[in-house]
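I opened this notebook to record what I looked up, starting with the sheet and going on to the helices around it.

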Amino acid sequence: MNKDITALLFDFDGTLLDTNELIIQTFLSVLGEHFPGEYGREDVLHFIGPSLEQTFTEIAPGRVNELSDQYRRLNRTLHDELVSEYDGVAETLRTLKSRGLKMAIVSTKREETILHGLKLMGVHDVFDVLVALDHVQNPKPHPEPLELALRLLEADQQEALMIGDNSHDIEGGKNAGVRTAGVAWTAKGEEFLASFEPDFMLQHISDLLELTKVGIK
């Protein structure tokens with residue numbers, strides 16, 4: 001029998017903050033400069049989710065640092081103009097926090113970028129733990145980031161849920177032995193995410209209020 005969900009591990013980009021257009025435009029600009037005509041919008045959709053190192057290792061193994069640095073500089077410049085909050089996210093996060101749930105961000109982005117986004121949303125004080133790319137050796141789908149988050153939260157893996165918009169989130173959750181929830185608003189499409197067989201599929205962030213209501217007085 002499954003235990004109640006008491007700990008929530010959230011991906012950030014594309015899950016809590018709509019950064020999809022920011023990511024797409026940044027990749028199109030960087031790749032368009034160095035590999036003109038080779039990458040279109042549909043191509044760069046595949047780069048949403050993995051770390052920059054993972055993506056640029058696949059594209060140009062000898063130029064990972066150069067391309068990653070250029071990407072980050074441009075991404076910072078475009079960030080506030082191109083991101084937006086998904087409906088109901090801040091309100092739902094605060095309700096979950098008020099219920100006493102343990103909450104963490106587990107992302108393939110650097111801490112600085114995540115903190116900027118959280119402050120932009122006004123929810124930087126909601127999360128107990130933040131596990132970013134610069135905190136681990138192995139990003140998702142490796143279980144290391146999730147296992148670190150669980151240790152820092154002092155949370156039981158059987159009571160934890162990983163929520164994300166990408167295959168790396170679902171696979172990472174399974175690898176760490178926690179339940180998983182995909183989000184139907186993923187840029188890659190609900191059908192794509194469902195193919196990785198998450199335990200739940202959220203149609204709206206507020207669906208988490210139902211999943212975590214057990215034991216709430």
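I began with the open sheet, whose 6 strands follow the order E5-E4-E1-E6-E7-E8 with parallel pairing; strands are DSSP runs of E of at least two residues, numbered from the N terminus like the helices (H or I, at least four), and two strands pair if DSSP finds at least two bridges between them. This is a predicted model, in which local features need pLDDT of at least 70, side-chain atom pairs count only at pLDDT 80 or more, and totals for chains, interfaces and linings use all residues. Residues are numbered from 1 along each chain as its sequence is written, and side-chain values use heavy atoms, with hydrogens and water left out.

I then looked for the pairing of E6 (residues 160-164) with E7 (residues 179-183), and found that 4 bridges join these parallel strands. Within this pair, glycine 164 has glycine 182 of E7 as its bridge partner.

Finally I checked both ends of H8. At its start, a side-chain oxygen of asparagine 166 comes to within 3.1 Å of the backbone nitrogen of histidine 168, and after H8 comes glycine 177, with a positive phi near 75°.

Notes:
A polar contact is a pair of N or O atoms within 3.5 Å; within protein, one must be able to donate a hydrogen and the other to accept it, and residues adjacent in sequence count only if both atoms are side-chain atoms.
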